There are 4 protein chains.
Amino acid sequence: MGDGNDNSKADANGMVKAAVIVAPGGPVEVRSFPEPELEPGAAALETLYSEVCGTDVHLLHGRLAGVPYPLIPGHISVGRVAETNGRVRDVDGREVLPGEIVTFLDVHGTCHSCWYCLVAKASTRCPSRRVYGITYGAEEGLLGGWSERIYLKPGVRIVPLPEALDPLLYMAGGCALPTALHAIDRAEVRLGASVAIQGSGPVGLMATALARLSGAGTIIVLGAPQKRLDVALALGADHAIDIDALAPEQRPEAVRGLTSGRGADITIECTGEPSAIREGLRMTRDGGTYVVVGQYTDAGDVTINPHADLNRKHLDVRACWGIDLSHLYRAVQLLARHRETFPWRTVISGEYPLSRAADALRDVEDRRAVKAVINPRA
Amino acid sequence: MGDGNDNSKADANGMVKAAVIVAPGGPVEVRSFPEPELEPGAAALETLYSEVCGTDVHLLHGRLAGVPYPLIPGHISVGRVAETNGRVRDVDGREVLPGEIVTFLDVHGTCHSCWYCLVAKASTRCPSRRVYGITYGAEEGLLGGWSERIYLKPGVRIVPLPEALDPLLYMAGGCALPTALHAIDRAEVRLGASVAIQGSGPVGLMATALARLSGAGTIIVLGAPQKRLDVALALGADHAIDIDALAPEQRPEAVRGLTSGRGADITIECTGEPSAIREGLRMTRDGGTYVVVGQYTDAGDVTINPHADLNRKHLDVRACWGIDLSHLYRAVQLLARHRETFPWRTVISGEYPLSRAADALRDVEDRRAVKAVINPRA
Amino acid sequence: MGDGNDNSKADANGMVKAAVIVAPGGPVEVRSFPEPELEPGAAALETLYSEVCGTDVHLLHGRLAGVPYPLIPGHISVGRVAETNGRVRDVDGREVLPGEIVTFLDVHGTCHSCWYCLVAKASTRCPSRRVYGITYGAEEGLLGGWSERIYLKPGVRIVPLPEALDPLLYMAGGCALPTALHAIDRAEVRLGASVAIQGSGPVGLMATALARLSGAGTIIVLGAPQKRLDVALALGADHAIDIDALAPEQRPEAVRGLTSGRGADITIECTGEPSAIREGLRMTRDGGTYVVVGQYTDAGDVTINPHADLNRKHLDVRACWGIDLSHLYRAVQLLARHRETFPWRTVISGEYPLSRAADALRDVEDRRAVKAVINPRA
Amino acid sequence: MGDGNDNSKADANGMVKAAVIVAPGGPVEVRSFPEPELEPGAAALETLYSEVCGTDVHLLHGRLAGVPYPLIPGHISVGRVAETNGRVRDVDGREVLPGEIVTFLDVHGTCHSCWYCLVAKASTRCPSRRVYGITYGAEEGLLGGWSERIYLKPGVRIVPLPEALDPLLYMAGGCALPTALHAIDRAEVRLGASVAIQGSGPVGLMATALARLSGAGTIIVLGAPQKRLDVALALGADHAIDIDALAPEQRPEAVRGLTSGRGADITIECTGEPSAIREGLRMTRDGGTYVVVGQYTDAGDVTINPHADLNRKHLDVRACWGIDLSHLYRAVQLLARHRETFPWRTVISGEYPLSRAADALRDVEDRRAVKAVINPRA
């Protein structure tokens, strides 16, 4: 245990409450865990908020391989440092102190020793990666955010929130913002480039805001329902196309109609729908760039025509997996700087206590919520 | 007519013979055309060789849209300058003189005025492009290489052959070499990168040689029949995999077995088979690059899994259409420099007079020939 | 002469007035020229505005080589199409019609035939380039903007102004905006990158606005006098450093102080001062990018330390020469879209009739004006 | 101590001999050190060869800052694994076993935790880096290669030599090969590009071989004396220019004379001479690339003209600092594959026992040797 300057313990018995997906298919229930002992270099957070995202719905239904149930979900979270054991430093070399509000990279354990890390320099493909709230089970500790306490193992990358950045505003970005930032980096948006964004879920909405911040020209979001499209327009889209109002083959045509008949310079896929790939290739102009970031789970196959959809169009297709610390770090800075630029918080549809985690999952699954946030203090 | 310093006219009557695809489906017959009058800035070539490539087989069967029959095929050719009308210059600014051996870019008329040329800088997508031997019909003049004479319109990009470069050796590269060079540029091969090449036709073979010249590490060619694989090995492949001996799903596995279990750093598709795309994505390592250059005609669709084949692999897919002058120019320099490096001529399986053009097409179609060459002087 | 639908002739005698730099060193005087006859494909503009930029001051003093005096200066201008001879099209393929407000690329005659254009694809280094208002003398026609009429030769790249874009607002961008856009493209600004900009002249100010539109993080402008720094702050700078208040060696230190001690991720040089190069290298962080765009004339040498300023810092230095049509075209679209984002017009300090062209030059030279504009109608 | 399966100890008393630079300015003497105890994760090498490079001469003269004397030099070495304490793995995940011949990355301790490592992804600028034979003093252990034994701390990146790769052949590459590989990567050599290489020391010679392996067109090496130029020609140069036979201002001219009057597409500086920078900028073509890799110590300033040498030429200048594991790993693979392509060993002029280390330094300094190798077993 640390230096004991912590009087925020969850209850008198030193027990911590967390919401747990017990097994694939559920149920979701609140359980109690003992307050963790900190090994040297570790820290404990008092959780302020944690996210409910589409991945958590997949976790509930057991759609991801290699997940150790029972599981405390919540990969992106924000909290107050409760204690540390020894000096813990952030990426800027500053010591992280109790009382500070911080977030952390859910991906932990990137080895920096393997061929992928050191030779290919593709660290998001490092086989040693473990992910808070996804690949760590509840038996390994408080390693998910739907919990009063989060245990930060030694080596977890901690990013303090700038004072100007409200924790709830940070959650509006959530995991979608660094994911979208990685995709936008891959897209290499030049000033004035037209950008089509497929999908109006959190990643699509964050990609919209980032495309606008990058100086894109015409930005077209294709999604549904209208409520989400309204958020897209508020976050910088010029046009919002309701996909439910168009047959799939009409969607590329609609984008061409808004881009001098040529298609978008850049299209960013943020849907999770396999069939979106065919549409996306077709709504991108010849010689343009197509970024695929939404296919995080296996939702089936898609049929494309490699002559017309790839070769003749001279396309660049850039698939984008995962994030690293740089994306999280920069996302935090971006949100702090641009906290007034957009009404970010409109992305958050609801705040739920631990006891209502199952409701949060249902609201996200049914698209009643754009994004739900768990507040373990509520 | 030019300044008349030409005594090589095709026959006493000033008539020129050419092989013509009369209509989609054939026949192919030799016809006579009047010797052309040169407008200012134009030149006439006495044809030495012209190529028979897979595209010509497609032309015979009417598989390309917008082709004006009857047609004199032959897009890549080499000849002796017979005459010029006024000063004609090459890209280095040197005057092109009668008697010189030259080739020229089949693509003509790139406008350098449109949005694709000037803003997108994607000149291979310029809508004004016309192509010798493909989109110019016989009624527009001697604008294909299967002819005793080729009429070079003003503005055609002429590239003289260095003295060291034998015209028949040049034909071994043919249109496949600059096409493969464009693909290799897109692939950005770093020293030591492993490269898988799908296809052992002319483009696949030239990509093999260029990957070797680029300092690739392990090079694996997947193709058939064995005779072509032998050529691949002679042109620099380390491994040649007979695709007829493996089920499609075994081919990625075979490549992984030769690349530390990871898949190739770079895969280059040169097949024309839609199903090759799925295999190619799967034989490329996570974070690797996949270049699609073989899908020049619409041969149907392919089904892929966007989660497993794109997103999770964090792939770059780079489709590659057409060539421009830079590729032809550099291909000529490369062949001249490396004329002894590889047994290039083994690519040429046969030389045919104009009267046997139909046989040449058949031999290419039946894969009896790797590459056939038309010699109008034979 | 064209089809005669023009009743805006400059005077009853068909004579056109223009301001002329008679010889290196001056004087500058207003002269009359005959109304030009239009060759096919040409157009004539009734000039609305033309620019007075730093290059014009160099022209006055004879500091550029190969300039044919007497000269009508004015390379970037905007005007109303007075007449055309035959169909003249813009880069989008639309016919340019009399009455439309247009601008045009000052660079004319890029050959698209030479090694630089076609092989190196470095068209801004094409040796055939001629430049309106700089390398065309008055004896060759009305080929500069300080004139009631501008003669647009066939092949000049014309860009119509969108209706929303006021011609005077367009002049606020002037030649500095596409120049800065080229530099910003070279800089590859990623979201959140810190950017230092050396110089608060028109190019530095436009680079500031474009860095802000690109989503840069901290933007620091180093310049003088305070009036220009105020404009920089209005155009998006976070910090404006008065160089007159600091010794040269203190400037890199000042930038490091604003960038976590590391220096700027990207520095853009827009000064024309050789010594700025040494300072700029030193204010850029290790592994950062330094773009050199301000050294348009030879103002002398600079001493650097290649170990400390280059090698050990692992810098990228990207020098940037000239613009092409893409930069002008995109600059016009950007200004139209962002016409309300910044108070662009604060860049323009004065409007001058032809008769006061010499005053305009003096005000620019003495830095009394940020930018002066010639209005031949005034 | 490890599991004791080691019977190759240096002497009966368990003492190890090493050559030591006692202080800046020397002397160099052989000293005895106790056999090290291995902490868990560490390994000990029986040294086969270690390198004497230009940096060691700088170390002798005290020209590098922050070096802790007395010092055992030798940053790149090859040895036989004598023992390990626990499992030690290479970057491919294979366990490193006693008896294997291995090399290792001299750079140790890159933190993978700081802003440079994780956000800028410029790990060669990580402030935690320590370097064997340079920044580790003899008091910290056997952390340099001029020693019978080398102590490999936990986390040192070990690369086994493929069986086909003779240890002495490996030393011919030495530290120069991965350094040159980093520079060649930065140069992005395309097939057929002309390359000028300034300097005929080890880095210049390795850059020559790598440019040739990358498929460069004309390769021009500028150096001295003739003996080294002969090696350059053997390693792939087309032309070798004796710099002692030309005034500095004639050297760019000589390169232009061999590159169609334009200058090299790419120039790579490998000299350590500040004045080479000015020459190098001037021998590179407009729009070309200049890589600076030779300025590893501060040898003074250079004067350039930023207008003519940078801006007007539209150059890319890419400075290149240090290496990481990827360069060493790939260098080993490249040498193994291309061991017969070039007479690599001609680079090694002499082999020296520990007792003659001072002679080795002198021969390198006086350029009698291209490269000297220490053999502690001799």
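**Exercise 1. Determine how many residues of chain B are in contact with residues of chain A, and describe the side of chain B that takes part.**

Step 1. In this predicted model, 35 residues of chain B are in contact with 35 residues of chain A, where contact requires that the C-beta atoms of two residues, placed from the backbone, lie within 7 Å. Residues are numbered from 1 along each chain as its sequence is written, and chains are lettered from A, with ligands numbered from 1, in the order in which they are written. Because the model is predicted, local features need pLDDT of at least 70 and side-chain atom pairs count only at pLDDT 80 or more, whereas totals for chains, interfaces and linings use all residues.

Step 2. The elements of chain B that give two or more residues to the side touching chain A are β14 (284-292), β15 (302-304), α9 (306-311) and β16 (316-319); helices (H or I, at least four residues) and strands (E, at least two) are DSSP runs, numbered from the N terminus. α9(B) gives the most to this side, with 5 residues.

Step 3. Sorted by class, the side of chain B that touches chain A has 18 nonpolar, 9 polar and 8 charged residues, where Ala, Val, Leu, Ile, Met, Phe, Trp, Tyr, Cys and Pro count as nonpolar, Asp, Glu, Lys and Arg as charged, and the others, Gly among them, as polar.

Step 4. Strand β16 (residues 316-319) of chain A and β16(B) pair in the antiparallel sense over 3 bridges, pairing being assigned if DSSP finds at least two bridges between two strands. Within β16(B), V317(B) is the bridge partner of V317(A).

**Exercise 2. Work out how chain C is laid on chain D, and what relation this expresses.**

Step 1. The superposition is by least squares on the C-alpha atoms of residues with pLDDT of at least 70 in both copies.

Step 2. In this pair, 35 residues of chain C are in contact with 35 residues of chain D, and α9(C) gives the most to the side of chain C that touches chain D, with 5 residues. Since 100% of the interface residues of chain C are also interface residues in chain D, the copies meet through the same surface.

Step 3. β15(C) is joined by 3 bridges to strand β15 (residues 302-304) of chain D, and the two run antiparallel; here I304(C) stands opposite V302(D) in β15(D).

**Exercise 3. Describe the domains of chain A and the contact between them.**

Step 1. Chain A has 11 helices and 18 strands, and its domain assignment gives domain 1 (15-175 + 323-374) and domain 2 (176-319), with bounds that come from an automatic or database domain assignment.

Step 2. The centres of domain 1 of chain A and domain 2 of chain A, taken over C-alpha atoms, are separated by 27 Å. The contact takes 23 residues from domain 1 of chain A and 21 residues from domain 2 of chain A.

Step 3. On the domain 1 side of this contact in chain A, α1 (54-60) and α10 (325-337) are the elements that give two or more residues, and the largest share, 5 residues, comes from α10(A). The residues of that side divide into 11 nonpolar, 8 polar and 4 charged.
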